[in-house]
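Reader: I have a model open and want to go through it with you. Can we start with the overall picture and then take a few residues?

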Amino acid sequence: MREWGVPGPNTAPGVVLIHASGLGVLEWAHLGPHLSEGRKVTAIQLLGYPGSSGLDEATYTVSRDIAGVCALVESFPEPPHVLGHSYGGHLALKAAMEVP
């Protein structure tokens with residue numbers, strides 16, 4: 001996971017960024033700081049992608065990725081905006097159906 005910004009007393013909603021397949025949190029390295037003015041921005045590192053901890057291949061499932069995104073979204077005090085690129089967009093839509 002990678003984070004930018006610090007929430008303050010009158011902050012805008014947080015932002016969750018989800019990378020595309022085959023990429024990682026570094027995909028957001030240039031955009032994250034620009035989105036972080038007055039808000040917390042968190043880029044999730046999906047399991048099985050560059051920079052993540054190793055698990056065996058059988059544990060890499062879409063359901064597991066959706067659960068990780070939902071857990072991150074639920075950790076915010078207020079519902080965040082969720083932005084995904086390619087596969088990350090798919091996960092964002094699926095997570096929105098589970099954590100509206």
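Author: Residues 24 or more positions apart account for 75% of the contacts in the protein with a separation of 6 or more, where contact means heavy atoms within 4.5 Å. This is a predicted model: local features need pLDDT of at least 70, side-chain atom pairs count only at pLDDT 80 or more, and totals for chains, interfaces and linings use all residues. Residues are numbered from 1 along each chain as its sequence is written, and side-chain values use heavy atoms, with hydrogens and water left out.

Reader: How many helices and strands does the protein have?

Author: There are three helices and four strands, in the order β-β-α-β-α-β-α along the sequence. Both are DSSP runs numbered from the N terminus: helices are H or I with at least four residues, strands are E with at least two.

Reader: And what share of the residues counts as buried?

Author: Of the 100 residues, 35%. Buried means under 20% relative accessible area, with exposed over 50% and partly exposed in between, using a 1.4 Å probe and protein chains only.

Reader: Take Thr42. Where is it, and what does it touch?

Author: Thr42 sits in strand 3, residues 41–44. Leaving out residues up to four places away in sequence, Thr42 touches Met1, Arg2, Glu3, Val15, Val16, Leu17, Leu72 and Phe76. With Glu3 there is a side chain to side chain polar contact at 3.4 Å; that term covers a pair of N or O atoms within 3.5 Å where, within protein, one must be able to donate a hydrogen and the other to accept it, and residues adjacent in sequence count only if both atoms are side-chain atoms.

Reader: Why does Thr42 count as buried?

Author: Because its relative accessibility is 0%.

Reader: Different topic. Which charged residue lies over the face of Phe76?

Author: Lys40, at 5.1 Å from the ring centre. The rule asks for NZ of Lys or CZ of Arg within 6 Å of the ring centre and within 35 degrees of the ring normal.
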